[in-house]
Every structure is written in C-alpha cells, then in structure tokens.
Amino acid sequence: MIIMKSDATQEEIENVIKEISKCGLRADVSKGAYRTVIGLVGDEQKVPFERFAILPGVKEARMIETPYKLISREYAKLSGEESQHRVVKVGNVDIGGSEPVFIAGPCAVESKTQLFRIAEGVKMAGAHILRGGIFKPRTSIHSFQGLGAGGQEEAEEALGWLREAGNRFEMPVVTEIRGEGQVDLVADYVDVIQIGARNMYDQDLLTKVARKGKPILYKRHFGAGIEEFLSFTEYMVAEDNRDIILCERGILPLGKGRNYTRYTLDLAAVPAIQKETYLPVIIDPSHAAGRRDLVFDLSCAGIAVGASGLIIEVHYNPVEALVDGQQMITPDELKDVINACQRVHKAIGPRRNDD
Ligand code: PEP
Ligand code: MN
C-alpha cells in the first residue's frame, strides 16, 4: 500500500502508478477526502517498498499482510474517507443505509403468472427488491434447473418477465448467474447480479461479473471461513467494483444438525465481517433454516446483530413451488417479518457505525 502525502500532485500519483505497473502489479487508487491511497493488486513481494517510500509525493509505502485490504475499513480510513461504510445504491434503494432492506420473491421463477402474483404480494408486504431464480444451482441433475436451463430463448423470456415485474411493481430485480456464459445475458436484464454460495470460489466468474460494473449480491459458501469469504470478495473490488453486498446464508451444520435446520446461520459473522470491511452484509434466513417456521426468528436475529437487510423466499402457496417450498413463507407472513424487523431495528438503532 502506498499512502500519498495530502498535497501530492496528480503527476506524482501517476508516476507511482507507472512504477507499480513496471513491477507487474495493478494499482487501485482511492482518492479520499484528505489524501490518496494506492492499493497494490498482485504479488507484493515483487515491490521494492524502500524505493517507493522515497518517490516524490509519497508519505509511506509498506506491505499489508492481510489477504484482503482493498475492502478493509483500515484502507478506507487511511484515505480519510469520512464514512467507513459503503452504501450500495440499487435504483432508489440504499443497501447499508439507515434502514434495513428487504429482498423477496420466489426461489425459482416458474411462470409469468406465478412471478407477477408473488411480486405484487411482496411489494404489498413492504419488500424493496424482487428476487427470482432463473438458473438454479441444484444438487441433482434430475431436479428442476430453472427456466433458463431450457435454452437461450426460454432464459431471455424469463429474464424479461423479471424485468417487467420489477418495472410494474417498482422494485429493482436480482437473479443468480451460475456460470460465466450467463453473465452478459443476465447483466442486460437485472439490477443486481447474484453469485450463489456454490460459486463463491470461482475467481474467473467473480472477475467477469465485477467487470459488468453492476451491484453484486455475493453469498458465502457453506464451508467457507470468514477470511476466505473476504479474500475472494477482494477479486471483485480489484476490478474497481465496490458495489458488493455480502450475504451470510448458513454454514454446514454439525452432526445430526441437518435433521433440524438445513444449514447453521452464522449470526456472529455479521458483526465480525462488519468490523473488517465497509461493505454491507445481509442475511438469508430462508436457505439457512430450510424451514418456514424459523424464518421469522432468524430474520429478527439477523437485524438484531446488525445486518443491513434480508433476502427471503416467498410464494403465495409454498407447497406448489417446484424448488424450496419447505422454506418459503407467504406474502402475509413476510409482512409480519418486515414489521417485526423494523421494530427490532428501531429498538437497537443503527449498528454499522459502531466501532
Ligand atoms: C438462492 O438464493 O436461490 C440460492 C440458491 O442460494 P444459495 O446460493 O445461498 O444456496
Ligand atoms: Mn432457494
């Protein structure tokens, strides 16, 4: 990391960037209120920091040992950013702002009628963003893979419905991409691109999605430690995309735990991650619990520990859903969840500014 003097000129900054590229690394330039900080993207062993420290305009040059630094609060602090918390703007919705954000919709888009009926229901319940899976990651090839699996035409048709539902009910939309081949297509239709838990480790996919410049909903893999999760997040920020919403969605349960919950919601991950990074964190109580009767409690708990929002699966008649019916709640139940979460949030107050 190279910290520039507060009065460093543009020319001096550019000279440092040039020297960094001579070493075979890329520069991430962060212009703060007081000074510019230049993060190095690549192998820092190749950088002679003693030489950088004496370049004109440089205040300090040193190696940062953590595997993630571009997303760290420390980095934001160094450049004198006033807010150490990023608000990700999705249309007119602020994620990480003063109010919790609710993302809701079906696990999978099954038809235009199903999607529109659910979209209307979640909007009336108070949701801000509409979700709907079109490319579903499934354990078994024999299960419904989402309408996108039918081919390009079917995928575009379903993406079109999602876009139309979002426009009709005035909610930005999010859907998951499962592979690099879907990125260009999906980016044309949605406001937020979701990278699911199973793809958390796919660094080529992360890079490709980040380059689209759209907000990304990035889920933690169920076996990933917090450090791994944050380290892989760095791949996207290194592409100069800081509109990343991190999502805790449960880690593998121990022993016979799976008889009771699908995963184990790692509530501590929210404040723990929030102390490390300025990016907002949300909770997915639906996939964590795997059962609808726990969604209310986990949602309240998520907001209580400081999550910036929730992503919840909703269906007007969960038993007829082709995927994840057991964990979907109805729009009426969503309304109760949102009301309760807003009360919890009000009682506890904003958490992201805690130090
Ligand atoms: C989803 O949100 O539809 C999903 C598949 O979630 P996860 O990647 O967390 O399993
Ligand atoms: Mn699901």
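A polar contact here is a pair of N or O atoms within 3.5 Å. Keep that cut-off in mind for the close-ups below, which all come from a predicted model.

View 1. Start with arginine 249: an N or O atom in its side chain sits 2.6 Å from an oxygen atom of ligand 1. Arginine 198 also uses its side chain, with an N or O atom 2.9 Å from a ligand 1 oxygen. On its own, ligand 1 would expose 300 Å², and the protein buries 97% of that.

**View 2. The shell around ligand 1.** Zoom out a bit and the residues around ligand 1 include Arg131, Lys136, Pro137, Glu176, Gln194 and Gly196. Also among them are Lys219, His287 and Glu313. Sorted by class, this shell has seven charged, three polar and two nonpolar residues.

**View 3. The manganese ion, ligand 2.** Four residues coordinate this ion: Cys107 through SG, His287 through NE2, Glu313 through OE and Asp324 through OD, at 2.0 to 2.4 Å. Along the chain, the donors follow the spacing C-x179-H-x25-E-x10-D. Glutamate 313 belongs to strand 14 (residues 309-313), while aspartate 324 is in the loop between strand 14 and helix 12 (331-348), so this pair ties together parts that are eleven residues apart in sequence. Glutamate 313 and aspartate 324 are both buried.

View 4. Five of the five residues of strand 12 (residues 244-248) are buried, so the strand is largely enclosed by the rest of the structure. In a regular strand, side chains alternate between the two faces of the sheet. Here, Ile244, Leu246 and Glu248 point one way, Ile245 and Cys247 point the other way, and all are buried. Strand 11 (residues 216-219) pairs with strand 12 in the parallel sense, over four bridges. Look for tyrosine 218, which stands opposite leucine 246 of strand 12.

**View 5. Aspartate 28 and its two side-chain partners.** You'll find aspartate 28 in strand 2 (residues 26-31). Its relative accessibility is 3%, so aspartate 28 counts as buried. The side chain of aspartate 28 makes a polar contact with that of tyrosine 75, at 2.8 Å. Another polar contact, also at 2.8 Å, links the side chains of aspartate 28 and arginine 242.

Note on methods. Residues are numbered from 1 along each chain as its sequence is written. Chains are lettered from A and ligands numbered from 1 in the order in which they are written. This is a predicted model: local features need pLDDT of at least 70, side-chain atom pairs count only at pLDDT 80 or more; totals for chains, interfaces and linings use all residues. Side-chain values use heavy atoms; hydrogens and water are left out. A residue is near a molecule or strand if one of its heavy atoms lies within 4 Å of it. A polar contact is a pair of N or O atoms within 3.5 Å; within protein, one must be able to donate a hydrogen and the other to accept it, and residues adjacent in sequence count only if both atoms are side-chain atoms. Accessible areas come from the Shrake-Rupley method with a 1.4 Å probe; for residues, only the protein chains shown count as cover. Ala, Val, Leu, Ile, Met, Phe, Trp, Tyr, Cys and Pro count as nonpolar, Asp, Glu, Lys and Arg as charged, and the others, Gly among them, as polar. Donors are N, O and S atoms within 2.8 Å of the metal (3.2 Å for Na, K and Ca); water is not among the atoms, so sites may look incomplete. Buried means under 20% relative accessible area, exposed over 50%, partly exposed in between (1.4 Å probe, protein chains only). Two strands pair if DSSP finds at least two bridges between them.
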